[in-house]
Amino acid sequence: MPEPLTPHEPFDDGRAIDHTGAGGATDLAMEEGESLEKTPGGPLGTGPAGKPRSLWSDAWHDLRRNPVFIISGLIIIFLVIISIWPSLIASGDPLQCDLSKAQEGSQPGHPFGFNGQGCDVYTRTVYGARTSVSVGVLATLGVAILGSLLGGIAGFFGGGSDAVLSRITDVFFAIPVVLGGLVLLSVVTSNTIWPVIGFMVLLGWPQISRIARGSVITAKQNDYVQAARALGASNSRMLLRHITPNAVAPVIVVATIALGTYISLEATLSYLGVGLKPPTVSWGIDISSASQYIRNAPHMLLWPAGALAITVLAFIMLGDAVRDALDPKLR
């Protein structure tokens with residue numbers, strides 16, 4: 001028969017268990033807990049000090065490891081840089097044209113060739129990024145602010161304000177965007193980007209409003225909001241401190257994806273002749289002027305259209321990556 005183990009006889013791992021059993025198991029559990037606390041980064045879902053990560057820090061942790069976010073982010077950073085300083089990669093003047101070179105192809109110093117007016121297509125494509133990105137960013141900010149404000153008020157207070165704002169939202173949802181742009185912008189004679197931005201904000205806020213309303217209704221039903229209300233917190237404090245931080249994530253996701261949509265909408269309206277107008281440099285204007293020469297000089301259309309497609313795709317990819325990181329159901 002095998003000999004019984006003596007007290008404090010070591011096992012293979014070099015640790016001893018007391019012969020009573022209970023005390024030894026407790027010691028092992030305490031040692032395992034200490035080893036987890038000393039592990040860099042802590043258990044899953046915690047930070048370096050063992051503290052639980054917030055939604056935003058957890059989302060950033062996932063985004064840094066998402067190749068879609070990295071690729072789209074690098075493209076967008078590049079677009080922002082050339083929008084602010086286009087002269088970094090294009091030394092020419094987008095409005096300087098030479099009719100003797102109209103529709104000519106690639107030449108030394110002019111890799112994209114020339115358009116129908118003899119303007120350098122490369123320079124106009126680079127400078128067109130400034131207009132498109134500016135319109136997209138400003139329109140998205142306006143839509144996000146107005147839609148979040150109206151939707152948040154409707155969702156938080158409810159009652160009559162919710163009913164009125166919901167019916168107004170339904171009216172704006174019923175207006176076709178392109179048809180509305182043809183009607184509203186056809187009477188505008190300004191050559192600036194502000195009428196186009198104003199139109200996008202006017203017809204774009206209902207979508208963000210619906211998202212914000214639903215998020216606020218969900219957030220205000222949580223226990224911590226009810227506890228703050230029971231402790232006498234004011235409406236403004238509950239909105240700013242408790243509801244807004246927990247309801248803003250869906251708005252950010254939708255706004256990020258919508259930014260690419262607004263860039264393509266500006267190009268569509270400019271192509272139809274009711275958006276931006278010359279001498280403004282825009283991808284939509286260049287695509288419109290090059291469409292009639294697509295058989296003889298396809299380079300005039302391909303380069304601005306390609307830049308537009310890459311830009312819209314980058315913002316949509318960024319929005320998808322942010323949505324995956326902020327949606328707890330996808331974890």
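This briefing walks through the fold, the aromatic pairs and a nonpolar surface patch of the structure above. Please keep in mind that the model is predicted. The chain has eleven helices and zero strands, and 37% of its 331 residues count as buried.

**Overall fold**

- Among contacts in the chain with a separation of 6 or more, 66% are between residues 24 or more positions apart.
- The chain has an accessible surface of about 18500 Å², and carbon and sulfur atoms account for 66% of that area.

**Aromatic pairs**

- Rings count as a pair if their centres lie within 6.5 Å, and by this rule there are five aromatic pairs.
- One of them joins Trp60 and Phe69, with 6.1 Å from centre to centre and 85 degrees between the planes. Because planes over 60 degrees apart count as edge-to-face, this pair is edge-to-face.
- The two partners fall into separate accessibility classes: Trp60 is partly exposed at 45% relative accessibility, while Phe69 is buried at 17%.
- Another pair to look at is Phe112 with Trp303, whose ring centres are 3.8 Å apart. Their planes meet at 5 degrees, so this pair is stacked.
- Is Phe112 buried or exposed? With a relative accessibility of 16%, Phe112 counts as buried because the cut-off for that class is under 20%.

- Which residues make the nonpolar surface patch? They are Ile70, Leu74, Ile77, Phe78, Val80, Ile81, Ile84, Trp85, Leu88 and Ile89.
- Together these residues make a patch of about 940 Å².
- Ile81, one of the patch residues, is found in helix 3.
- At 36% relative accessibility, Ile81 counts as partly exposed. A patch residue needs over 30% relative accessible area, so Ile81 clears that cut-off with its 36%.

Notes:
Residues are numbered from 1 along each chain as its sequence is written. This is a predicted model: local features need pLDDT of at least 70, side-chain atom pairs count only at pLDDT 80 or more; totals for chains, interfaces and linings use all residues. Side-chain values use heavy atoms; hydrogens and water are left out. Rings of Phe, Tyr and Trp (its six-membered ring) pair if their centres lie within 6.5 Å; planes under 30 degrees apart count as stacked, over 60 as edge-to-face and the rest as tilted. Buried means under 20% relative accessible area, exposed over 50%, partly exposed in between (1.4 Å probe, protein chains only). Patches are made of residues with over 30% relative accessible area and no salt bridge: like charges are joined within 9 Å, nonpolar side chains (Val, Leu, Ile, Met, Phe, Trp, Tyr) within 5 Å. Accessible areas come from the Shrake-Rupley method with a 1.4 Å probe; for residues, only the protein chains shown count as cover. A salt bridge is a side-chain nitrogen of Lys or Arg within 4 Å of a carboxyl oxygen of Asp or Glu. Helices (H or I, at least four residues) and strands (E, at least two) are DSSP runs, numbered from the N terminus. Contact means heavy atoms within 4.5 Å.
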